[in-house]
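Thanks for making time this morning.

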Amino acid sequence: MSRLAQAVVLLLFGGAILRASFTDLYLRYVKEGLRPFLVAAGLLLVVAAVMTLWHSLRAGEAADDGTDDGHGHHEPRVGWLLILPVLGLLLVAPPALGSFAAGQAGSVAAAPTSDSDYPPLPAGDPAPVGLLDYASRALFDDGKSLTGRDLKLTGFITPAPDGSPMLARIVLTCCAADGRPIKVGMTGKVPLEAAADTWVEVTGVYTAKRTKDPVNDVDVAYVEVKSWQEVPQPKQPYS
């Protein structure tokens with residue numbers, strides 16, 4: 001691979017990262033707060049590509065002037081394989097993690113808050129509650145802050161080991177590589193006809209039912225569904 005080809009690969013890498021960073025595509029791979037770092041990395045790669053291209057052109061001019069040392073530099077052709085992930089990102093962007101990833105990993109262990117009491121839910125019913133927040137309140141507060149309220153939870157459908165649908169969302173620490181699911185079981189008017197990976201918004205109430213995730217033996221909370229509807233995948237699919 002010549003220096004000119006290296007410059008092209010660097011430029012494609014940098015362009016692909018910048019394209020993902022300036023659209024919502026990057027949210028499939030990292031948390032929203034990492035966008036500035038992606039932009040910086042993409043710009044550095046583009047600058048490196050321009051510098052490599054400039055050096056290559058200068059070397060070509062030196063060769064034309066007869067000042068080249070006459071020793072060719074032959075880099076391994078396998079370097080061209082570096083372009084494959086770039087083409088994949090540009091042409092076939094993979095979807096956000098979904099039910100397959102959720103089925104392979106155990107549910108995140110919901111942690112209690114540092115305070116003795118949970119803050120009140122937003123005013124008005126149904127109150128929107130994140131899956132991780134719901135599981136924490138249901139498991140560690142015995143649903144005290146949830147009782148008597150209609151709740152709205154949003155996630156994608158993932159099948160439980162017995163085939164029944166569960167509501168799930170992937171929780172990220174920094175990027176998709178460390179993503180783990182938070183799963184919530186459902187009773188009542190369960191969306192049985194919704195296929196795996198379908199995003200749904202359920203309205204329901206707290207139920208004391210709980211079970212164990214067979215993958216890692218973590219407690220899984222349940223919600224009693226009163227109604228549900230399909231919704232588009234949110235802009236930020238991860239928690």
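Predicted model: local features only at pLDDT ≥ 70, side-chain atom pairs only at ≥ 80, totals over all residues.

Helices (H or I, at least four residues) and strands (E, at least two) are DSSP runs numbered from the N terminus, and two strands pair if DSSP finds at least two bridges between them. Strand β2, residues 151–159, is also joined by two bridges to β1, residues 127–128, and here the strands run parallel, with P128 standing opposite K152 in β2. Together with helix α5, residues 131–140, β1 and β2 make a right-handed β-α-β unit, right-handed meaning that, with the strands pointing away from the viewer, the path from the first strand over the helix to the second runs clockwise.

Strand β2 has a further partner in β3, residues 165–171, to which four bridges join it in an antiparallel arrangement, and in this pairing T158 has M166 as its bridge partner. The hairpin of β2 and β3 has five residues between the strands, and G163 takes a positive phi near 95° there.

Let me turn to S99, which lies in helix α4, residues 99–104. S99 is buried, at a relative accessible area of 11%, where buried means under 20%, exposed over 50% and partly exposed in between, with a 1.4 Å probe and protein chains only. Leaving aside neighbours within four places in sequence, S99 is in contact (heavy atoms within 4.5 Å) with F156, I157, T158, P159, A196 and D197.

Finally, the cysteines: what is the disulfide count? If a disulfide is a pair of cysteine sulfur atoms within 2.5 Å, the count comes to zero. C174 is in no disulfide, the nearest cysteine sulfur being that of C175, 3.4 Å away, and because this separation is too far for a bond, C175 is not bonded to C174 either. Both are partly exposed, C174 at 32% relative accessibility and C175 at 21%.

Definitions and conventions. Residues numbered from 1 in each chain as written. Heavy atoms only, no water.
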